[in-house]
Amino acid sequence: MLVTAVAYKMRNRCLLISILALASSAMLATSTFAAEEGTTEHAGVSLKPQMLVQLGGFGITNSMLVTWLVAGSIIVFSQIATRRVKAIPSGIQNFWEWLGEGLHNFLENIIGRDLVKKGFWFFATVFIFILFVNWFGLIPGIGTIGWGHYDGSGNFHVDRPLLRGGNADLNMTTAMSAIFFVMWFVWAIQANGVGGFLKHLFGPKGETTGVVKILMVVIFFAVGWLEVISILFRPIALSFRLFGNIYAGESILEAMSTMVPWLSPILPIPFYFLEVLVGFVQALVFMLLTAVFTMLIAEHQEGPEHAH
């Protein structure tokens with residue numbers, strides 16, 4: 001049964017990608033703190049996460065704690081939903097299979113059946129993980145409960161929040177983008193081989209002869225290097241796009257909460273609904289871009305024309 005198979009794949013692969021992303025984020029966060037130690041923070045939402053625990057060269061930040069909580073919740077939920085698979089699903093199994101089948105069909109119509117079979121576990125997990133990390137960051141208390149100080153007026157200001165939105169940390173978005181870049185390279189080699197991969201980048205397109213063929217070889221070789229630069233910038237663009245949108249949302253909510261103190265419980269409400277939509281859109285955009293980037297390098301073998 002397709003739905004059952006999809007549910008099991010999502011359950012098994014979810015653990016792998018979450019652990020890889022979180023481990024990479026931990027290493028990046030630790031190195032970032034080492035490089036930025038002693039810098040002065042600006043007012044408002046901090047650009048970098050706050051260290052909660054330092055164990056030798058390994059540090060646990062408030063954004064890492066959020067990603068661990070979300071990843072653990074997704075893994076537990078998927079395990080419970082697929083523990084006793086029924087032919088006629090109900091309850092959380094029905095929701096999990098609806099989500100898996102919906103994403104599967106959506107991606108299959110875009111990148112083709114063969115590529116979905118190969119990379120669905122990654123694309124679906126990235127979407128679900130990013131979506132719930134984004135939404136978890138909107139829960140009241142995230143970023144506003146922690147350690148701080150009282151000012152002269154007796155108002156309490158949080159200097160070190162216990163929890164912080166995971167994707168408002170550039171380390172986390174960079175880690176996910178780096179994992180995708182590695183997977184993209186693996187899929188590109190699998191689809192084309194080393195020679196085919198280089199030909200895809202630098203080889204001339206079209207049928208030409210004589211001087212024109214020589215000219216096309218030179219032109220496409222030069223264009224290939226532009227393509228290499230474009231490929232190298234893709235993970236950078238992915239990470240900054242997701243980070244920038246989520247960080248901007250947190251900054252807006254922070255500004256609305258402090259602009260007029262006596263209206264602080266009311267002013268952020270419209271922006272909360274906006275950020276719920278932004279969180280969904282950014283998860284969808286990240287998944288679609290990774291899927292399309294993969295399709296472009298393997299389209300000659302696994303494009304949409306092979307979907308049926």
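**Exercise 1. At what angle do H4 and H5 pack, and how far apart are their axes?**

Solution. Start with the ground rules. This is a predicted model, in which local features need pLDDT of at least 70, side-chain atom pairs count only at pLDDT 80 or more, and totals for chains, interfaces and linings use all residues. Residues are numbered from 1 along each chain as its sequence is written, and side-chain values use heavy atoms, with hydrogens and water left out.

Step 1. Read the geometry. H4 and H5 pack at about 170°, and their axes are 11 Å apart. Axes are lines fitted to C-alpha atoms, for helices over the stretch in contact, and angles run from 0 to 180 degrees between N-to-C directions.

Step 2. Name the arrangement. H4 is roughly antiparallel to H5. The classes are: under 35 degrees roughly parallel, over 145 roughly antiparallel, 65 to 115 roughly perpendicular, and the rest oblique.

Step 3. Find the residues that meet. H4 brings Lys118, Gly119, Trp121, Phe122, Phe123, Phe129 and Ile130. H5 brings Met172, Met176, Ile179, Phe180, Met183, Trp187 and Gln190. Contact means heavy atoms within 4.5 Å.

Step 4. Sort them by class. The contact of H4 with H5 holds 11 nonpolar, 2 polar and 1 charged residues. Here Ala, Val, Leu, Ile, Met, Phe, Trp, Tyr, Cys and Pro count as nonpolar, Asp, Glu, Lys and Arg as charged, and the others, Gly among them, as polar.

**Exercise 2. List the elements of the chain in order from the N terminus.**

Solution. Step 1. Count them. The chain has 7 helices and 4 strands. Helices (H or I, at least four residues) and strands (E, at least two) are DSSP runs, numbered from the N terminus.

Step 1. Write the order. The elements run α-β-β-α-α-α-β-β-α-α-α.

Step 2. Take contacts between residues at least 6 apart in sequence: 69% of them join residues at least 24 apart.

**Exercise 3. Which residues touch the most other members of the largest nonpolar core?**

Solution. Step 1. Define the set. A nonpolar core is a set of buried Ala, Val, Leu, Ile, Met, Phe, Trp, Tyr and Cys residues joined through side-chain atoms within 4.5 Å. Buried means under 20% relative accessible area, exposed over 50%, and partly exposed in between (1.4 Å probe, protein chains only). Of the 308 residues in the chain, 43% are buried.

Step 1. Pick out the residues. The largest core has 52 residues, and Leu103, Phe122 and Phe123 touch the most other members.

Step 2. H4 gives the most, with 14 residues.

Step 3. Look around leucine 103. Beyond its neighbours within four places in sequence, leucine 103 is in contact with Phe120, Ala124, Phe127, Ile128 and Met287.

**Exercise 4. Describe how H3 packs against H4, then how H2 packs against H3.**

Solution. Step 1. Take H3 and H4. Their angle is about 130° and their axes are 9 Å apart. H3 and H4 are therefore oblique to each other. H3 passes H4 in a right-handed crossing. A crossing is left-handed if the near helix is turned anticlockwise from the far one by less than a right angle, and right-handed if clockwise.

Step 1. List some of the residues. Among them are Trp96, Leu99 and Leu103 in H3, and Phe120, Phe123 and Phe127 in H4. By class, the contact of H3 with H4 has 12 nonpolar, 2 polar and 2 charged residues.

Step 2. Take H2 and H3. They pack at about 110°, with axes 8 Å apart. H2 is roughly perpendicular to H3. Their crossing is left-handed.

Step 3. List these residues too. Ile74, Phe77, Ser78, Ile80 and Ala81 of H2 meet Ile92, Gln93, Phe95 and Trp96 of H3. The contact of H2 with H3 has 7 nonpolar, 2 polar and no charged residues.

**Exercise 5. Is isoleucine 266 buried or exposed?**

Solution. Step 1. Locate the residue. Isoleucine 266 sits in the loop between H6 and H7.

Step 1. Check the area. Isoleucine 266 has a relative accessible area of 53%, so it is exposed.

Step 2. Compare with helix H6. Leucine 226 is in H6 and counts as exposed at 57% relative accessibility. Isoleucine 219 also lies in H6, and at 39% it counts as partly exposed.
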